[in-house]
Structure formats: structure tokens, C-alpha cells
Amino acid sequence: MTAVDMEVRDGVDRDTIETVQAMSGSYKYGWATDIEMDYAPKGLSEDIVRLISQKNNEPEWMLDWRLAAYRRWVQMEEPRWAMLHYPEIDYQDQYYYAKPKSMAVKPKSLDEVDPKLLATYEKLGIPLKEQMLLAGVEAPEGERKVAVDAVFDSVSVGTTFKAELKKAGVIFCAISEAIREYPDLVKQYLGSVVPQSDNFFATLNSAVFSDGSFVYIPKGTRCPMELSTYFRINAENTGQFERTLIIADEGSYVSYLEGCTAPKRDTHQLHAAVVEIVILKDAEVKYSTVQNWYPGDENGKGGIYNFVTKRADCRGANAKVMWTQVETGSAITWKYPSCILRGDNSQGEFYSIAIANNAQQADTGTKMVHLGKNTKSRIVSKGISAGRAQNTYRGLVSMHPRATNSRNYTQCDSLLIGDKCGAHTVPYIEVKNNSSRVEHEATTSKVDEDQLFYCRSRGMDEEEAVALVVNGFCKEVLQALPMEFAMEAQSLVAISLEGSVG
Amino acid sequence: MTMQQAKADALAARLATGQPGQGGWLGAAQAAALARLRGMGLPGKRDEYWRYTDPTSLNAPDAPSAALFDSRGEAPPFSGLDRLRLVFVDGIFDQAQSDDPVLEGIEIERLGSAALNPSHWAAGLYGTLETRGQTPVERPFAALNTAQATEGVLIRVTGRPSKPVSLIYLHKSERSDAILHHFVKIESGAELTLLENGPAAARLSKVLEVEVADTGRFHHIRTQGRDHERRAVSHIFARIGAGALFKSFTLTANGRLTRNEAVLELAGADAVAHIAGASVGDGDFHHDDTVFVTHAAERCESRQVYKKVLKNGAVGVFQGKILVKQGAQKTDGYQISQSLLLDEDSQFLAKPELEIYADDVKCSHGSTSGAIDDTALYYLRSRGVPLKQAQSLLVLAFLAEAIAEIEDEAIAEDIRARLEAWLHRHEH
């Protein structure tokens, strides 16, 4: 390691500790931006679906697609199999569309974007001004850049580095724009991984999604920078329903980051997103999420209900996908990023940290569906429960008869902090051929007293010690994240657990 | 038709075949069970708890016929042991073939005759453990059993009987539909070994309720008979008191359909429960082990060890759960489920669950599935061991951890010999 590197690292570590200390058990992103909004009327009906489509200037086929989804949705029942307890959601008591007034005429470049919106993202630490870097880590010219698509309530406010990406042939834009500009690509792939009628929440999303990101990486292209979407829910009583579609053509590579925050509100807010990833022959996609929606207060008042369907389809041989998620926010998390390993030799990986504190409830995991020969998957899940929280790992590993010589390794570890919380593991293992090997291991334990004692004897206070031990417990997953994200995640782990000790 | 309606209809059809009316405490237990059952109906294919096993043939009003199995003079399990034998033929007690049920430290009575005695010790107990076992997961076939059973034994153990009690289930009629319900009560400090063997009937429904009082000890070893076409649904409901021990081992070989449910509650501190199963299947056979262990007290230990060897399309299912209640600190829970798939056609379906509400616990589970390890096979062959023998050796080694749960070495040896013979017969 060079001296310069050292300095940066030191700085960040110090920063992490200072941040932890500065926060007194509070949610860092809980402020709201006072901005004039344009709402669709409350409630959900075919008219609202039509309105959303019209607001986005969508072609007829898109509206038909949405309406088909809506008609399915009204006949579906909300799933209740997850270990989540929450009062009935009134789907008519939500706004399905909210757009900052200043976005009525779409700005042509970031310079034209309402300064209030830019300030919001700046305050969140998300630099929309090009050439700025994530996490405030100043680095010399030519270092890694991250292109950002920022989604504010129902609309994308801007995408950075578009020109530079275009040079490489990469398309990175709001999905509303892609529907208009690249209808053939969208038509071909939208709903091909997560069909309209996939599940209750995905179907709802198909009907009312307002915006999200679209990525296309052409054949043989290594995306020149990391792509990132930052989701911010700002308006009250508004659901966010974004849809992300990523297509990695043959032999391409992209690393994609996703972050989310929301203001503190007393009422629960609904978030039902869909992420679809299509990975063709020899292509690779890394998808990293730091989910930090407002979790509600210590008594479970307020917070985001997060119902997300994420799925990657490895369509070609040697395709590769890696999901990494750090789930610290939301009052309710219902999320199972999945891998369909269709192509021979394709690979899926899932690394997850799920932290539930206070009254949070998380039911999250993955599905690895092995269809092709010699397919490989790996699951590393770390669940941490504190306060009165319930944290469930739910996963499926399925080896189909034709998926010969395939391999899965699953490790699910749970850590309990305090005697009022719960940690649960619900894996499904289905093996239908004998040349494949499946291994599943799970453990549940509490924070090791000896490790805590050691840290305390070195002068750390109890919260710092717990944060350090928990970071150690999560190390395998943190290492799978891109560097800036890993640092963010590390400090988030500490903050999320504040107030859980003693 | 809604799912709930389908379940109620299935139940109505099942009950149409006749409901034996009983008086006294047994009649009251039956009526209560029937009321429970009406609240749940019979399971459907879409029930989460029946995700991997189709209950259709268990729901059917009449037992599907099952050809008798010719064991070709082979000695039945436990033949060499000194034991008190109680024989049931197609689910009916056969006094002529049974031993006189008299043994020091133990009371044995037939369910039907005990029911006539209003002050019998089982009067307030019979069916209570089954009732407790209905939450949080419904077990309709257990309630159906309690609602209909008139045959079974009630065993109360007050000392340490000199030999095991052996329940032998003979299958003589191709269309027999047997319902057996036993209750075993181990008093404080008492100890019993209970053996069960045989296919029992074309279709068997069996409930075994076991109450182990503080410091009592209960050992259970059963083999379920090799009749290829038999179907069986069995339940063990056990409540284990402070410092008590419960150990159960089941060997399942073939059988068209076997669903073994075990519901164990560690109710007193320092209780120990071990439950294990070895199953071997060659052909159109379906074995399902569904286990639910509840830790309700401090410092208890539980182990679930399940091993399945499958070939020619045999399907092995394991649904296991460890539930640690709030306050059950210092729990040590362990669960392992493994399958060895000997060819391309077999399947292993598992759902090993943990649900934990206490922080100072040590719980782990593991589940693996795969073929015989080529490296190990190569090693044995390089040492001059013929292929078939090498495979058998490795399969036995794979099953060893489950058999190790049997404390009595003579019984363990008997089980081992049976597995070895099975492997020998099913080499091709």
C-alpha cells in the first residue's frame, strides 16, 4: 500500500468513527426538501395508470402493457407468507405519482435542474455535478468516476456523464426516456425477466412504475465507469415504484450501484420496485445496493414498506451476476434478488447484510435457479437483529434435472443483540440431479463476549466495540462491495445498531 | 372453489366412511379432535407444509390397495432381543401372538379397554400433546387420527423395566386401513425403550404421544417395514421435562409414501431431545421427515440427524425446524439433513428452518446433497476394494451419524445389518 492510499484510508476510518459518534441514534437522511410538487390524485385506478403513462409521454404499447398489469393486479392477493407483521395496506390511500413542479419541462442538462433538487442530492452526499466523486473522497484527475441517475419521488432528475458513456456506446438514462428513445430494446426485454404477473408487488409496479434507470451495455464493452442510481423519496404519502432494466450484451461488463433514502415521516410509505437484469453470453453484471430507507422510529412509527422484486437472468453461456446488498433501512423489507442460471457455466453470487434494529422487520434472501450445466452459485448472508426486530433469511436453491455438475454453497449466519429480537432462517433446497453438489450451512449466535471484552479492554466503549465486532461478522460481504460503497456501508452498520446496546 | 372449501370437502369425503362412536373420556377426546379437524380440513397440494409431499392418497376415503411383501423368511428386526412383544395385525391388537403385558415398573393397557375406566391415568392426558402440537402448524392427519382411533396402547412407566416393549405391526390384508394411537407416560426417574417394527397395513395412520416427566428417559427405535406399496403417516408428539431425555431413531426402507412428523417440546430446563432417521429408497418411493423442535426452557439440547440414500427416482424430503422461544437461553440446537443421490433420477427436497427469539443460543443447521464422493471411492478402489463393496462402505459411513443416535449397541448393530442387507439387495 502506498503512503497516499494509507492517508485516504486513515482519513476515512477516522471519519467513520467520527460520524458514528456524531450521530445520536438518529437517521442521518431524515430531513425533507421543501419543494413544490405536482401530484396525481390519490388512489389507484385505470385512470391513474393512464395518467402516469400520459405524464411520461408514453407510446400506446406501453400503456397497454401497464393496463394489462393493472387488470391482473386487481385480481391478485397480497402475499402473507413472509415473517412480517404489518397492518393492512390501503392501496387507495397513496399517491402513485409525484413530480417536482420544476421538472414540468424536462431540463436539457444538469445546469438547468432546480438548484433545490441538486442541493438535496449534495446534502445526501450524491454529487450530481460531473467530475465529483462519491463519499467526498477527493482523488486526482483520471481516478474512477461514477455516473449517477438520480430519481426523486416519481421522476429521474438527471443523469451524469451521459456524453462520455455514449462514446463507449453505453446507454444510461431514465427508463421513461428509454421507452421513447429506444423502444425496440425496451419492448424486447421489459418484463422478460420479471413478467407482469410475477407477483403481487411486481404486478403493481408494472402498472404504476413512474421512472427508474435503463442501462444497455453493447457487445464486448466494458462500461468505462460505475453506474449508479440514487433513489430519494421526498413527498409524503407517496409510493415510489421505480423500474430498472439492465441489459448486458455478449461479453460486456458493468458494475451498478444503487442507494436509497427517505425523510422521516410518521406514516408508512410504500416502495415497490422491480429490477430486471438480462445477461447474455460471457457478460458480467455486478449490482450493489445500500438500502437505507427511513426505518421508522424506535417504536415502529413511520418508515418505508419495501417490497422489491429483483431478478437477473443469465441467458447465455458463462454469464455472471453478483448481487451485493446492505439492507439497513425500511420498516419492512421483502426482497429476494434472484439469479436464473440458464446458460451453461453461468454463475450467480449473492452477498447480503441485513440489519434490523428497533421495530424493523426484514424478510430477505435469494433464489438460485440452476437450469444450465456446470452452473455455480454462492450465497453468503449475514443477518443482524437488535432491539425488538425480526430478521429472516429466506432462500431457494433449485438444481433442475438438466443442471448437471452444478454447485451451490450457502452460508447464512445470524447474530442476535439483545433478548427481545428474533433471527430466522428459511431455506428451500431442491436437488433433482445427482452430479450437482449443494451445501447449506447456517448458524445463529450472539455477539461474542470475549471479543467484546477484548475491544473494551483496548479502551473502546461498548457501542464502538459492538460495531467493530459486527463489522468483522459482515466482513465477507463488505469485501464484495465496491470500495466507496464498502466504507459507506461500514459506517452505516455502526449507525444502524446505535442504541441497541445496554 | 376456494382452497378452504376444497379442504373441507376432502374431510367430509374422508369422514363419510364411518365414524366409530365411543363413550367416556375417549369419546370426549374424539369429539374434541373432530371439532379441531373441522376447523382445518384435510391438507391440499398447495399447503406450504405439504409443498413437497402430495397428500392425495392419505386424503382418499379408502386406503389404496398395497400388495403384501414377501420377506422370504428373513428374520424381522429385533428378533434376537429379549423384549415384551405386543402384536397388531392390520391395526388390530392380536392377543394370541402377543406376550402377557406384565412387567415390573410398567403398566400397559389397550386403549379400548382403558376407555371404559373413567379414572384411568390417561383420561385427562390422551390427545393433549397432539392438541398442543397443532400450533403453530396444523397437522390435520394427527387430529383425524385422534378423532377416529380406537386401538393403541397406553403405557405408564414408573420404574426401569427389565426389557424393552416391542410393538409389532403385521400387514395381512391388501386393503387394510389402520389407525393406531398410543400414549406413553414416563414418570420421574423412570426409563423405557420402545421398539416398533413392521408395515402395519396398506395405509397406516399412527400417533404416538410421549410425556417424559422430569429426569425420565425414553428411547425409541422403529423400522417401518419394507412393503413397497404401503403408505404411512405417523406423528410423534413429545413433551420433555426438566433434565429428561428423549431419543428416537427411525429406519425407513422403501414404501410408496411415508410421512413421519415429529413434534418435540423441550419444556423443562436441561432437557435433551435427539431425533434421527436413516432412509433408503430404490424406485418409486417417497420419504418425508417433518420435524418441529421447540425449545421452551433454558439450557436444553436438541439434535436432528437425517440421512437419506436415494436411487431410481426415489424422493427424499426433509422439513426440519428449531424454534427457540424467548427466554430459552443457553439453547444448543443442531440439525443436519443430508442426501446421497446414487443416480440421476432421484430427488432431495429440504427446508431446514431456524426460528430464534433468544440471543444467548448456539444453533446451527447444515444440509447437503450430492453423489458418492469420487475421491473416496477412488481411494478405496486403489486399496483393492471392489466397486460395489466400496460403494456400500461409503453409503454405510454416510448413514453412520444417524445410527450413532441409537444408544443400545445391540440394536444399533441390528439396524446396521439391515441397512447392509438392503444395500446388497439393491446393488443393481
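**Close-up views of a predicted two-chain model**

**View 1. Overall build of chain B.** Of the 428 residues in chain B of this predicted model, 55% count as buried. Nine helices and 19 strands make up the secondary structure of chain B. Along the principal axes, the C-alpha atoms of chain B fill a box of roughly 70 × 50 × 50 Å. Among contacts in chain B with a separation of 6 or more, 85% join residues 24 or more positions apart.

**View 2. The annotated domain of chain B.** An unreviewed UniProt entry assigns residues 174–398 of chain B to the feature "domain: SUF system FeS cluster assembly SufBD core". Over residues 174–398, the chain is 60% strand and 9% helix, and the end C-alpha atoms are 35 Å apart.

**View 3. The contact between chains A and B.** Chain A contributes 30 residues to the contact and chain B contributes 32 residues. On the side of chain A that touches chain B, strands S21 (407–417), S22 (422–431) and S23 (437–446) each supply at least two residues. The residues of that side comprise 11 nonpolar, 12 polar and seven charged.

View 4. S22(A) pairs with strand S18 (residues 347–356) of chain B in the antiparallel sense, over six bridges. Within S18(B), Glu355(B) is the bridge partner of His424(A).

**View 5. Surroundings of Ile279(A) in the nonpolar core.** The largest nonpolar core has 267 residues, and Ile279(A) and Val285(A) have the most contacts inside it. Beyond its neighbours within four places in sequence, Ile279(A) is in contact with residues including Ala248(A), Val285(A), Cys314(A) and Val321(A).

Notes
Residues numbered from 1 in each chain as written. Chains lettered and ligands numbered in written order. Predicted model: local features only at pLDDT ≥ 70, side-chain atom pairs only at ≥ 80, totals over all residues. UniProt positions renumbered as here; feature names shortened; annotations may be inferred. Helix = DSSP H or I, 4+ residues; strand = E, 2+ residues; numbered from the N terminus. Contact = placed C-beta atoms within 7 Å. Nonpolar A, V, L, I, M, F, W, Y, C, P; charged D, E, K, R; others polar. Pairing = 2+ DSSP bridges. Core = buried A, V, L, I, M, F, W, Y, C linked by C-beta atoms within 7 Å. Buried ≥ 20, exposed ≤ 12 C-beta atoms within 10 Å, placed from the backbone.
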